Amino acid sequence: MAITVFNDSSHSLSALVEAIGRGEIALPDIQRPFRWKPTKVRDLFDSMYRGFPVGHLIFWATGAEMGARQIGTHAHEAAPRLMIVDGQQRLTSLYAVLTGREVLREDYTASRIRIAFRPRNGSFEVADAAVTRNPEFIPDISVLWAGGGLLKKVREFLKRLEESKGDLGEERRVALEAAIERLYNLRNYPFKAMELTSTAGEDQVADIFVRINSKGARLGQADFILTLMSVWWDEGRKQLEAFARNARLRLPGPSPANPFIDPSADQMLRVVAGLALRRGRLRYVYQVLRGKDLETGEVSAEIREKQFATLQEAQAETLSLTNWHEFLKAVRRAGYRSRAMISSQNNLMFSYLMYLIGRRDYQLDRKTLREAIAQWFFMTSLTGRYTGNFESRVEQDLRRIAEAKSGEEFVARISHTHKRAPASGGC
């Protein structure tokens, strides 16, 4: 019999919501821009109300030791036991509605998901002004699970309806009460889940996801890494996402906003990884977050904590607004003035990595570094250095730079590299 890397499990909706609230299940999407439109959330509740299946969930065991804590957070915050791999949007929707929690929209504004319910015919609508005024609707079903007792909520609805429609009659009242109770009892809706064991590698998890997902979407390394950061260093993930959010919002005062790029969290993560580990492949960041020594292959909590300290230090340098804007001066020095002139975001972000290495590891003064990085960025843009199979090229460049023994040699090596290396191709 074949050895499986998963176990079947079943969870009620209320059990899932409670597990998320306790931190046992990592649900990072609640802090990320929510992709579903309200109509999809409405349709999800409609399907569940009708008793239809709404798909499996896939969890991935984190391998967190009993009582393990997150890094850089308060001592009472335990590391989650499970991560959600498939079903994040469904769980985020359900968790937000049942708890009344806000979600982040694409513009990074926070708002509630308000779904209305019409007990008379068991229909759901996205709440708007007209629906809210209509006494036949419960304008926000979140109130049903908000505490205070279901009976009180039912009486309030019936009172409002009778004030508008007159006496309902016993038979109609009973039918309306039954419809509301049926909606309330969706907290007991059963979800089937596959729990992938902690021994399953990210390649296996990605392959499983593709094989069972009808859309065939492939999970990227950044998907795993940002989710894993929710397990062991939630604060660090929030810092990356806040940097990306603030760059896009262009708020007054000091911010990452600039005329060249709105960096994503995973783009910033690539820079952090390169600075901390001198690696260009996100695969290695994943391994660090799992507590693996990249040299010996050993995995342990002690190694994880040690490597996280290195990652934390590098992230502080990467997200420094001083470093970020000093680097952007080098981009301007190279003759660039707007994002329309940026042919490759990879060229820009990996040039920032070179800037940070020169500044942190070789203590180059800002003026010298600005001139060197301006030339580097111009040549990488001209040759398309970080297009195509860019991770391999980054690995090669980082190995070459690592041999430099001084700041002067660092400058000489990046100058020599972009003068002798051919373009990498791609688009």
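Me: What makes the model one to be read with its confidence scores in view?

Reply: The model is predicted. The chain averages a pLDDT of 85, and 86% of the residues score at least 70. Over residues 72–76, however, the pLDDT is below 50, and this stretch has four contacts beyond near neighbours in sequence. Residues 421–427 also have a pLDDT below 50, with 16 such contacts in the model.

Me: Why is serine 93 called buried?

Reply: Buried means under 20% relative accessible area. Serine 93 has a relative accessible area of 0%, and is therefore buried. This residue lies in helix H3 (residues 88–99). Leaving aside residues up to four places away in sequence, serine 93 touches Phe34, Trp36, Val41, Leu44 and Ile113.

Me: Why is arginine 250 called partly exposed?

Reply: The term covers values between the 20% limit for buried and the 50% limit for exposed. Arginine 250 has a relative accessible area of 39%, so it is partly exposed. It is found in the loop between helix H9 (234–249) and helix H10 (265–277).

Me: How do you know that the length of helix H15 agrees with its number of residues?

Reply: The 18 residues of H15 (residues 366–383) should span 26 Å at 1.5 Å a residue; the end C-alpha atoms are 25 Å apart, so the two agree. The buried residues of H15 are Leu369, Ala372, Ile373, Ala374, Trp376, Phe377, Thr380 and Ser381.

Me: What makes aspartate 365 a cap of H15?

Reply: A polar contact requires N or O atoms within 3.5 Å. A side-chain oxygen of aspartate 365 lies 3.1 Å from the backbone nitrogen of lysine 367, at the N-terminal end of H15. Just after H15, glycine 384 takes a positive phi of about 65°.

Me: Which residues line the largest cavity?

Reply: Its lining consists of Pro119, Arg120, Glu136, Phe157, Leu161, Arg172 and Leu176. Helix H5 (150–165) and helix H6 (170–184) are the elements that give two or more residues to this lining. The volume of the largest cavity is about 30 Å³.

Notes:
Residues are numbered from 1 along each chain as its sequence is written. This is a predicted model: local features need pLDDT of at least 70, side-chain atom pairs count only at pLDDT 80 or more; totals for chains, interfaces and linings use all residues. Side-chain values use heavy atoms; hydrogens and water are left out. Helices (H or I, at least four residues) and strands (E, at least two) are DSSP runs, numbered from the N terminus. The expected span of a helix is 1.5 Å times one less than its number of residues. Buried means under 20% relative accessible area, exposed over 50%, partly exposed in between (1.4 Å probe, protein chains only). A polar contact is a pair of N or O atoms within 3.5 Å; within protein, one must be able to donate a hydrogen and the other to accept it, and residues adjacent in sequence count only if both atoms are side-chain atoms. Contact means heavy atoms within 4.5 Å. pLDDT is the predictor's confidence in each residue, from 0 to 100. On a 1 Å grid over the protein atoms alone, a cavity is a set of points where a 1.4 Å probe fits but cannot get out, and a pocket is an open set with protein on both sides within 12 Å along at least five of seven lines; lining residues have an atom within 4 Å of a point. Grid points are joined across faces, edges and corners, and a volume is the space filled by probe spheres set on the points.
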